[in-house]
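Q: Could you walk me through this model, with the cut-offs spelled out as we go?

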Amino acid sequence: MSVMTAFVRAALTLVGLTVGVYLIEVLEGLLTLGQRNWRAVLRLPLARAGQLLRQPDRPPAHADTFLYQSAPFIAVITVGLAALVIPLGPGLIGFDSSVGLFYFIVLLSPFVIAQMNAGWSQNGVVGVLGTFRAAAHLISYEVPLGFAAIGAPMAAASLATGKIVAAQAHLWYVVWQPLGVVIYLVAALFPAFRHPFDGAYAGSELEGGVLAAYGGARLLLLRWALDGIFLLLMALGVVLFFGGWQGPLLPPPVWFAFKTLALAAVVLALSRRVPRLRHDQMLSLAWKILVPASLVNIAIVGVLALFVFGGGA
Amino acid sequence: MGAHDLAALAGQQPLVMLVAAPRHADCLLVYEPLNAAFAPAAAELARGLPEGAPVILYRPPDLPALTDETPGATVFPHARRITACTAAALQAAYAQGRSDALPVAAAFPSLRADLVDLPQEHELATEFTVFSLGPAQPFTAGPARFWLICDGEQVVQCRPVMGYAARGIAGQMHGMAWAAAAELAAWYDPLAPVASRLAFVQAVEHLQGITPNAASQGIREQALAVERAHNALWWSVRFLRLLALEPLARRAAQLAMALDAVLAGWTPEPIAAWLAPQRPAPVTTPPDLASLARAVRDLAATVRRDRWLHLRTVGIGQINGAILHSAGVTGSALTASTSGAGDIQARLVARLTMAATTLTALAELAAAPQTTPTVAGRQKDQQADWYVPAGTATGAVAGPRGTLAVDVTSDGGIHPAHVAWHAPSAALLSLVPALLAGQKVADAEMILASLDLVTAEVDG
Amino acid sequence: MSGIIEWLIFGMLALIAVITAAGMLVTMSMYRAGLALMASFVALAGIFILLDADLLAMIQIMMNVGGMLIMILVMVMLMMDPGGQMMWDMKRSMHIRGLGAFSMTMPRGHHEATTDAPMPMDDHMHMPHGEQEATEEGADTPGMQHGGMDLRDGQQAKGAMKMSGMNAQQHYQMLVSMAMTTAQLPWALVVGAATAVALILLVVVTPWHLAGTAPSGDAAAIVGNLLLGRYMVGFEGAAFLIVAGIAGAVLLARREGSPPSYAQSLQAPTPAAQIAQPTAAKPMYTCPMHSEVQQDHPGKCPICGMDLVPQPPQRMGDMGGEQ
C-alpha cells in the first residue's frame with residue numbers, strides 16, 4: 001500500500017470516529033435529557049467542543065509535564081489504531097490483520113495506561129486515586145473480555161475480524177453464545193470507563209478523578225478518546241456476535257453503523273439503571289463472576305462449535 | 001436553599017449541568033452570603049476556573065444584611081449578578097461573553113494549605129493520603145470540609161472542619177427588633193425557613209403566654225409538613241444523583257418540582273407574612289396532593305425494591321438507633337435506625353416514606369370535609385404583636401431534619417436578650433468521625449450524603 | 001520505495017526502543033522508568049510487525065504492558081519518591097491539606113524548594129512571578145525522550161546551588177536525599193556499558209542462520225494447530241499446572257474470616273463497628289503464656305492456670321507471620 005492510501009485511510013478513520021463519537025454523545029444526551037430536548041441534545045456536544053477548544057490548558061503546578069501533555073495523544077492514537085481492524089463491510093477495513101481481534105484487545109491496554117498517565121501526572125490526590133482505580137480496571141477487564149471474545153474466533157476458526165463476520169453469514173453468534181455476549185458487554189464497560197464502572201472519573205466522588213486537572217483541547221481529546229473506545233468496543237461486539245455488516249437490502253456499512261449504535265443505545269440505557277460501583281465491588285464482579293462465567297462460556301462454546309455447528313472450520 | 005436551587009437547575013435544564021472539577025466548568029455560581037472563612041475557598045475555586053469563565057453572584061432577594069458577611073463584590077469585582085436563580089437568568093448572565101478580567105480580586109488571599117498532623121505510622125504501614133472533601137462539596141447542603149485521612153482507598157480518620165457557613169445569626173439577633181429578628185430567624189436553616197421561623201415565633205408566643213387558635217395551629221402544621229416533604233424530596237434528588245442513578249434522580253426531581261408547582265399558589269399571602277406571633281393564618285384549603293402522594297409512594301417503593309441500589313447501599317453506614325437516640329438525633333435519620341436497618345438505604349427509604357406519608361396525610365386533609373372552614377372571631381388584618389415580656393422560653397418544631405429548637409430570652413425590651421439554637425444536624429455531625437473511620441472513600445462520601453447535614457444550621 | 005519506507009520505519013522504531021531504554025535508566029521517576037520500559041518493548045513489537053510476526057508482536061505488547069503495569073504499581077507503593085524529581089513533592093502534597101475541590105493549584109511558578117528539603121508550605125504558595133517563565137521553558141523540554149531531563153535537573157540544581165551558596169559536598173548530599181542521583185551511579189554506568197558492549201559483541205560474532213522460507217500469513221492458525229496438535233500434551237500440562245498454581249495460591253492466601261486492615265487495626269475495635277453494633281464485638285480471652293488458648297469468657301488457662309486476659313486486636317505482625 002502506498003503512503004498516500006495510508007494517509008487517506010488514517011484521515012477517514014479519524015473522521016468516521018469523530019462522527020461516531022458525536023453520535024454517542026447525542027445518544028447519551030437523549031437518554032439523560034429525554035427526546036423532548038432533541039434540539040439541545042444535537043447542539044450540546046458541538047457547543048461543548050467549541051467551548052473547550054477556546055480554552056487554554058495549563059498543566060497544574062508541579063505536574064509531570066511530559067506525561068500530562070502526552071496522555072491525551074496516546075489515548076487518541078490508541079483509539080485510532082484500534083479502529084483500523086474494525087471491518088465496515090466486505091474488504092472495507094483499515095488493516096486486515098490475521099490477528100485482528102487480538103490486536104484490538106491488546107491495544108486496549110495502552111489506552112488504559114494513557115488514562116493512568118493522565119491521572120498520575122497531575123500531581124494531585126484525586127488524580128492518583130483515579131490512576132489506581134484505572135489500574136484496577138486494567139487488571140480486571142483483560143481476562144473476562146478476552147475470554148468472552150474468544151468464543152467468536154473459536155467458532156469462526158480465525159482471529160481476523162473480517163473472517164469472523166463472514167463466518168456468521170448464516171447464524172449470528174449471539175444466538176448460541178448469549179452468555180458470551182453478556183460477559184463481553186459488561187466487561188467492555190470497564191476499559192471504556194463507562195458508568196457504572198467510571199470510578200476513575202467518578203463524577204463528584206473524586207472531583208473528576210483522572211480528568212480533574214485537564215481543561216481545554218486536551219480535555220476534549222480525552223473525552224473524544226473515551227467515547228471513541230466505547231464506540232469501538234460496541235462495534236467489535238457487533239463484529240463478534242451480531243453478524244457485523246451483514247443485513248438485507250441496505251449497503252453493509254449502513255447496517256454496521258446501525259447495529260453499532262443500536263447496541264450502544266441498549267448498553268447505555270441498561271447501564272444507567274445501576275449505581276456507580278465501588279472499586280472492590282467492581283473487582284469482585286470481574287474476578288468472582290465474570291471470569292468463572294467466561295470460562296464456562298468457553299467450555300460451552302467449545303462443545304457446541306465442535307459437535308453442533310460442524311467443527312468451526 | 002442553594003442546594004435545592006442547584007439540584008433544581010441541574011435536574012431540569014438541558015444546558016445547565018453540574019461538573020465535578022472547576023477546570024471543567026463554564027461558570028461559577030456563588031450563592032451569597034459568603035463569610036470570612038468561606039470567601040478564600042470560593043476565591044480559590046474561581047482561580048481554578050478555565051480562562052474566560054465568568055463568576056456569577058446570586059443573592060436571595062429577601063436575605064437581610066448580615067454583619068459577619070464578606071460582600072461578594074469585594075472578592076469577585078467583575079462578577080455578574082443575577083436576580084433570580086433560574087436557568088434562564090444564568091444563561092443570560094453567561095451569554096454576556098467571556099470575562100477576560102481576573103475573576104478574583106488580586107489582593108484576595110488564597111485558601112491556606114497547611115500540613116495535617118497524621119496519625120502515628122507503624123513501621124510497616126503504608127503512607128497516608130489526605131483527601132480533602134470540601135469546603136465546597138456536594139455531600140452536605142452548604143460548605144463544610146472533611147479531611148479524610150486515607151490508607152489507600154480506606155478512610156482511617158475523618159476530621160470535620162465547620163464554620164464555612166457561619167453567619168452569626170444568633171448573635172446578630174441580639175441587636176435587632178423582634179420583628180426583624182423573626183425575619184432573620186427564617187435564614188437560620190435556609191432550606192427550612194418555615195421551621196426556623198416558626199420555632200422562633202413559638203418561643204415568642206410562649207413568652208407572651210398566648211396559644212394560637214386551632215385553625216392557625218393546623219395551618220402552621222401543614223406548612224411544616226409540606227416543608228418536610230419538600231426537603232426530603234430535594235434531598236433524595238441530590239443523593240440519587242451522587243449515586244449516579246440518573247433515571248431515579250430525574251424522577252425524584254420531577255416530583256419535587258411538581259410539589260413546588262402545587263405549593264406556588266397555596267396560601268393567598270406568603271408564609272412569612274402570617275408566620276408571626278398572634279397573627280392568625282389565612283384560611284386556606286390544603287393543596288391537592290393526592291396524585292403526587294401516590295407518585296412519591298411509588299418512588300419510595302421503587303427505591304426499596306431496586307436490587308442494584310441494594311447492592312450499593314445496604315449495610316453501609318449502619319448506625320445503631322440507641323446511639324442515635326443518646327446523641328440526641330431526631331427525625332428521619334432516627335426513624336431509619338429504629339424501624340429500619342439504619343444504613344444508607346434505610347435512610348433513603350425513610351426520608352421518601354416520610355415524604356409520602358406527609359403528602360398522603362395532607363391529601364386526606366384536603367379530601368375531608370372542612371370541619372373548621374372559618375375560625376370564629378378571626379380578624380383578617382390583625383397585626384402581629386411584638387411586645388415580649390421578660391423571661392425565657394423554648395420553641396421547638398419538627399423540622400425536615402428533626403427537632404429544630406430555639407431558646408429565646410427576653411428582658412422585656414425591644415431586642416431579644418439572648419437566642420440559642422439547637423440544630424438537628426449538629427448531633428449527627430458529632431457521629432461523623434466515628435462513622436466514617438474504616439470505610440472506603442466512596443462509601444464514606446455516600447454516608448456523609450445520606451445524613452442530610454445542613455451546615456448553615458450547624459454553624460449558625 | 002517501499003524498501004526505503006520499511007528502513008525508515010525500522011530506524012524510527014529502533015531509535016525509540018534504544019532511547020526509551022536509555023530513558024528508563026536515567027530517569028529518577030519510577031513511574032516514568034516503568035513507562036519507558038513499556039515503550040521500549042512496544043517499539044520492539046513494532047519491529048516484529050515489520051517482520052510480519054503480528055502474533056508475536058501482539059503477545060509482546062500484551063505481556064509487557066500488563067507486566068510493566070504491575071511493576072509500576074509495586075514501585076509506586078514501595079518507593080519513597082515514585083515520581084522522582086519531576087514530582088518529588090507529590091509525596092508531600094499527599095500529606096498537605098490539599099485544597100480539596102481546588103486541589104489542582106494553578107501554575108504559580110516553580111518554587112526554589114531545592115534549597116531546603118523540609119520546605120515550609122508558604123514558599124510554595126506565594127511565588128515570585130519571574131520564576132514562572134523559567135519553569136515553563138524548562139517544562140517544554142520533553143524530559144524522557146531526549147534524555148534532556150537529566151540535563152534540566154542539572155541546570156536547576158546548579159541554579160539552586162548558586163542561590164543557596166552550598167558547597168559541592170552539600171549539593172551532592174542534597175541530590176542524594178532527593179533521589180536525583182545515587183552513590184551507585186558511576187558503578188551502574190560502568191557495569192551497564194560493559195554489559196551493552198558484551199551483548200553487541202555477541203550479536204556481531206554469532207553466526208546467524210537465515211531461514212530461506214517466507215513468513216506464513218496466518219500465524220495464529222498455525223500456532224493454534226500446533227498447540228492443539230503436536231504440542232497438546234505440553235500445552236494442556238502447562239495449563240493444568242497453572243490452574244493448580246492459582247488454586248494453591250488462593251488456598252494459601254485464604255484466611256479464616258476477613259483480616260482487619262491496617263486502617264482498622266489502628267483504632268482497636270472500629271468505631272464504625274461500635275456504632276453499628278455496640279455489643280457485637282465480644283472480646284476473646286487468651287492466656288498470656290499460651291496464645292492458642294482462646295475462649296469467649298474470662299477464666300483460668302487449662303495449661304498453666306494463669307488468669308486469661310482480653311485478647312488485643314490483630315495487628316500487622318500477625319498477618320505477616322501467617323504469610
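Q: How many salt bridges does the structure hold over all chains?
A: Over all chains the structure holds 13 salt bridges, a salt bridge being a side-chain nitrogen of Lys or Arg within 4 Å of a carboxyl oxygen of Asp or Glu. This is a predicted model, in which local features need pLDDT of at least 70 and side-chain atom pairs count only at pLDDT 80 or more, while totals for chains, interfaces and linings use all residues; side-chain values use heavy atoms, with hydrogens and water left out. Residues are numbered from 1 along each chain as its sequence is written, and chains are lettered from A and ligands numbered from 1 in the order in which they are written.

Q: Which residue forms a salt bridge with Asp198(A)?
A: Asp198(A) pairs with Arg276(A), and their closest N and O atoms are 3.0 Å apart. The pair links distant parts of the chain, 78 residues apart: Asp198(A) lies in the loop between α9 (178-189) and α10 (216-241) of chain A, and Arg276(A) in the loop between α11 (252-271) and α12 (279-308) of chain A. Helices (H or I, at least four residues) and strands (E, at least two) are DSSP runs, numbered from the N terminus.

Q: Where is Pro196(A), and what is the peptide bond from His195(A) like, cis or trans?
A: Pro196(A) also sits in the loop between α9 and α10 of chain A, and the peptide bond that joins His195(A) to Pro196(A) is cis, with omega near 5°.

Q: What about phi of Ala157(A), positive or negative?
A: Phi of Ala157(A) is positive, near 60°, in a residue other than glycine, and Ala157(A) is placed in the loop between α6 (151-156) and α7 (161-167) of chain A.

Q: Stepping back, how many helices and strands are there in chain A?
A: Chain A has 12 helices and zero strands. Its radius of gyration, taken over C-alpha atoms, is 19 Å, close to the 20 Å that the globule rule (2.2 Å times the number of residues to the power 0.38) gives for 313 residues, so chain A is as compact as a globular protein of that length. The C-alpha trace of chain A spans about 60 × 45 × 45 Å along its principal axes.

Q: New topic: how many residues does the contact take from chain B and from chain A?
A: Counting contact as heavy atoms within 4.5 Å, there are 37 residues from chain B and 40 residues from chain A. The two chains bury about 3,400 Å² between them, with 57% of it on carbon and sulfur atoms, where buried area is the accessible area (1.4 Å probe) that two parts lose on being put together, summed over both.

Q: Which side chains meet in a salt bridge there?
A: The rule finds one salt bridge across the interface of chain B and chain A, and the side chains of Asp443(B) and Arg278(A) meet in a salt bridge at 2.6 Å, N to O.

Q: And inside chain B, what are the domains?
A: Chain B is divided into domain 1 (3-94), domain 2 (114-164 + 440-460) and domain 3 (169-439), with bounds that come from an automatic or database domain assignment. Domain 2 and domain 3 of chain B each give 31 residues to their contact.

Q: What area is buried between domain 2 and domain 3 of chain B?
A: About 2,700 Å² is buried between domain 2 and domain 3 of chain B, and carbon and sulfur atoms give 67% of that area. The count between these two domains of chain B is five salt bridges, and Asp452(B) meets Arg351(B) in a salt bridge at 4.0 Å, N to O. On the side of domain 2 of chain B that touches domain 3 of chain B, α17(B) gives the most, with nine residues.
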